[in-house]
Amino acid sequence: MFVPGRGLQWLFHIVLDLVQRLLLWILASGPVPNHIAFVMDGNRRYARSKGKPIRDGHYAGYSALYRILEVCFRLRIRAVTVYAFAIENFNRPPDEVDALMDLCKEKLTELCEQGELLAKHGVRLNVLGKTSLLPQHVKDAIKKAETMTRHHNRRAVLLNVMMAYSSRDEITTAVQSTVRKALDQNLPAHDIIEDSIDAELYTTLAGNVPVDIFVRTSGVKRFSDFLTWQACTLLRLPPFCCEATQVHFTPTYWPELGLRDFVPILLDYQRKVWSRRFLLAP
């Protein structure tokens, strides 16, 4: 039996989807960032604002991740990096850490069993960080999920999930690796340059291009030890230098992030790219 209310609701969703597709098509016709990084902040505050358990906030956060990834992949963005779990998060209450680890395992397993999103866009999954700190059941899920996408070419779209990660640990590990290689090859100290360390970062080793846009949700304005090396890279365009990575702090909680927040960020990126091209034009 046809119910008018349901019919209108169905029509509304169809029209909304068409409008979103048109909007993304228009955005894709302009300059599109190659690499976007997200600090997915605000899950717990979102849950509290709704009077829900913290766990529900994290589940809503994963739903938002799928939603944003779909947008990024439709725009043909080459790499997306998300801050899923920081090393310092191990200092949270044990029951919350256990719940987060179970959620990570559940969602990674879900990617393996229902991986339409990654398969449709040819996405290669990388879980980066000090993964030795993670419990064995999570490491097993990571291995399975990464293996599932390894057949995708290294030039495919990259999804980097940073777990047991901190920028300080990444930089320390990169410096140690650089020094070891220099000693093995009997290289003088002055041969170790910025590019030497950059080549040993987790993101570089995974085949990523430089970060174009850094986004943090929830209104907090700090990097929280996430991609501090990558986000401070300079773009050298003679006769001047400028920051290659555009940093955006949005007040929206991560679970509520949508096109109304994301589109202005992309438009700002396009405006700045066009401005640089105008300055460089002969």
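Which residues lie nearest the centre of the largest cavity? They are Tyr62, Leu65, Leu108, Leu111 and Val161, from a lining of 13 residues. The structure is a predicted model, in which local features need pLDDT of at least 70 and side-chain atom pairs count only at pLDDT 80 or more, while totals for chains, interfaces and linings use all residues. Residues are numbered from 1 along each chain as its sequence is written, and side-chain values use heavy atoms, with hydrogens and water left out.

**Overall organisation**

- The protein has eleven helices and eight strands; helices (H or I, at least four residues) and strands (E, at least two) are DSSP runs, numbered from the N terminus.
- Of the 282 residues in the protein, 46% are buried, where buried means under 20% relative accessible area, exposed means over 50%, and partly exposed lies in between (1.4 Å probe, protein chains only).
- The accessible surface comes to about 15400 Å², and carbon and sulfur atoms account for 58% of it; such areas come from the Shrake-Rupley method with a 1.4 Å probe, and for residues only the protein chains shown count as cover.
- Among contacts (heavy atoms within 4.5 Å) between residues at least 6 apart in sequence, 83% join residues at least 24 apart.

**Cavities**

- Rolling a probe the size of a water molecule over the atoms shows where empty space is left.
- On a 1 Å grid over the protein atoms alone, a cavity is a set of points where a 1.4 Å probe fits but cannot get out, and a pocket is an open set with protein on both sides within 12 Å along at least five of seven lines; lining residues have an atom within 4 Å of a point.
- Grid points are joined across faces, edges and corners, and a volume is the space filled by probe spheres set on the points.
- The count comes to two cavities of 30 Å³ or more.
- The largest cavity has a volume of about 140 Å³, and helix 3, helix 4 and strand 4 (157-165) each supply at least two residues of its lining.
- That lining has twelve nonpolar, no polar and one charged residues; Ala, Val, Leu, Ile, Met, Phe, Trp, Tyr, Cys and Pro count as nonpolar, Asp, Glu, Lys and Arg as charged, and the others, Gly among them, as polar.
- The second largest cavity, with a volume of about 40 Å³, is lined by Leu27, Pro31, Val32, Pro33, Leu75, Leu266, Tyr269 and Gln270.
- Helix 11 (residues 259-280) gives the largest share of the lining of the second largest cavity, three residues.

**The largest pocket**

- The largest pocket holds about 600 Å³ of space, and the closest of its 25 lining residues to the centre are Met40, Asp41, Gly42, Asn89 and Arg92.
- Helix 2 (43-49), helix 3 (54-74), strand 2 (79-86) and helix 4 (94-113) each contribute at least two residues to the lining of the largest pocket.
- By class, eleven nonpolar, six polar and eight charged residues make up the lining of the largest pocket.

**Nonpolar cores**

- A nonpolar core is a set of buried Ala, Val, Leu, Ile, Met, Phe, Trp, Tyr and Cys residues joined through side-chain atoms within 4.5 Å.
- The largest nonpolar core has 53 residues, and Phe38, Phe73 and Val80 have the most contacts inside it.
- A second, separate core of 14 residues includes Tyr83, Ala86, Tyr202 and Ala206.

**Individual residues**

- Lysine 107 lies in helix 4 and counts as buried because its relative accessible area is 12%; beyond residues up to four places away in sequence, lysine 107 touches Tyr59, Tyr62 and Tyr66.
- Glutamine 246, in strand 8 (residues 246-249), counts as buried because its relative accessibility is 5%.
- Isoleucine 87 is placed in the loop between strand 2 and helix 4 and counts as partly exposed, at 24% relative accessibility.
- Isoleucine 87 and leucine 133 are 46 residues apart in sequence and 8.4 Å apart in space, C-alpha to C-alpha.
- Serine 218, in the loop between strand 5 (213-216) and helix 10 (228-231), has phi near 85 degrees, a positive value in a residue other than glycine.
- Leucine 227 has its place in the loop between strand 5 and helix 10, with phi near 50 degrees and a relative accessible area of 0%.
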